[in-house]
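Subject: Structure handover

Hello,

Here is the structure for your review. My notes follow below it.

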Amino acid sequence: MNSFNHYAYGAIGEWLYRYVAGIRSDEHQPGFHVVHIEPQPGPGLDWVEASMETMYGQVTSSWHRLADNEMEIRVHFPANTKGTVRLPGAGTQIVLEHGEPLDQVSEVQGIRSIKNDVQITLGSGSYQFTYKYSTTKKERNVQEPTLTESV
């Protein structure tokens, strides 16, 4: 094969952007007017930084594992967009945005708990979240598949 324009390379790229960095468009409002960032930190990676150019501007997502099981997630939504950020393993932990509790940040439009994650609805802008990360699947309420379940 002489070409690097092969599906296998595209599949890896999609996995990195969509799952590891968590950047994806809303299925009901395509075109990145509504952006969802749902990173899925896994074993073997301590940080990820990704950006994607959209018709509204650049969307960015990065996460870093810090000392003492702390997680830092930074996101940027371009002007005239809105979105959600799902903080994996945040649970009932205290989540800070640029050092302030979420309920004191005026740009936060909504906060939901989903299993052991926290989902935050935001307008355009740059945000930095820090919190203690639940690292084990048991702590994160993730079930291992059994032999009778499809993987």
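Helices (H or I, at least four residues) and strands (E, at least two) are DSSP runs, numbered from the N terminus. The model is predicted: local features need pLDDT of at least 70, side-chain atom pairs count only at pLDDT 80 or more, and totals for chains, interfaces and linings use all residues. Residues are numbered from 1 along each chain as its sequence is written, and side-chain values use heavy atoms, with hydrogens and water left out.

Ile12 sits in helix H1 (residues 7–20). Ile12 is partly exposed at 49% relative accessible area (buried is under 20%, exposed over 50%, partly exposed in between; 1.4 Å probe, protein chains only).

Now the salt bridges (a side-chain nitrogen of Lys or Arg within 4 Å of a carboxyl oxygen of Asp or Glu). There are three.

- Arg24 pairs with Glu38, closest N and O atoms 3.0 Å apart. Arg24 is in strand E1 and Glu38 in the loop between strands E2 and E3, so the pair ties together parts 14 residues apart in sequence. Both residues are buried.
- Asp117 pairs with Arg86, also with closest N and O atoms 3.0 Å apart. This links distant parts of the chain, strand E9 and strand E5, 31 residues apart. Asp117 is buried at 9%; Arg86 is partly exposed at 21%.
- Arg74 pairs with Glu72, closest N and O atoms 3.2 Å apart. Arg74 is partly exposed at 39%.

Glu72 lies in strand E5 (residues 70–87). Glu72 is buried, at 11% relative accessibility.

Best regards
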